[in-house]
Amino acid sequence: MSDCIFCRIAGGEIPSTKVYEDDEILAFKDIHPQAAVHFLIIPKRHITSLAEVGAADAPLLGRMLALAPQLARELGLQDGFRTLINTGRIGGQEVAHLHLHVLGGPVPLGPMLVRQ
Ligand code: AMP
Ligand code: ZN
């Protein structure tokens, strides 16, 4: 059993509120939303952070990024959203499995997000 929480979510061992799933990618609601809509897009395969990716991962990363607007629209974010990837200690990454945050809602998010 993996000790990575997002691997365990991807494997169905830990429940999540799923937004999207295919062979390679899972998207689910963030458990501590920082905006009215806040979900995460992850690769099912364990990649520790954006610092670990290389050219071979470009198609997967491209697919993750291209999913953001599609899923944002499906969740009612018609007028924009924010994407964010925290990386490593300096980037404030808390879960060591690559994830793309997508945030939005009815009111502008402001210049930057401050974690509550
Ligand atoms: P980061 O600081 O970029 O690593 O963000 C990790 C995110 O994962 C935070 O926004 C957490 O609220 C979220 N998170 C942690 N555990 C879970 C979980 N079990 N289900 C959904 N989101 C989670
Ligand atoms: Zn993992």
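A nonpolar core is a set of buried Ala, Val, Leu, Ile, Met, Phe, Trp, Tyr and Cys residues joined through side-chain atoms within 4.5 Å. Buried means under 20% relative accessible area, exposed over 50%, and partly exposed in between (1.4 Å probe, protein chains only). The model is predicted: local features need pLDDT of at least 70, side-chain atom pairs count only at pLDDT 80 or more, and totals for chains, interfaces and linings use all residues. Residues are numbered from 1 along each chain as its sequence is written, chains are lettered from A and ligands numbered from 1 in the order written, and side-chain values use heavy atoms, without hydrogens and water.

**View 1. The largest nonpolar core has 16 residues.** I25, F39, I41, M64, L71, L100 and V102 have the most contacts inside this core. Two or more residues each come from β2 (25-29), β3 (37-43), α2 (58-74) and β5 (100-104). Helices (H or I, at least four residues) and strands (E, at least two) are DSSP runs, numbered from the N terminus. Helix α2 gives the largest share, six residues.

**View 2. L100 touches F39, L40, I41, M64, L65, A68, T83, L84 and I85.** Residues up to four places away in sequence are not counted. Contact means heavy atoms within 4.5 Å.

View 3. C7 counts as buried because its relative accessibility is 17%. H46, at 37%, counts as partly exposed.
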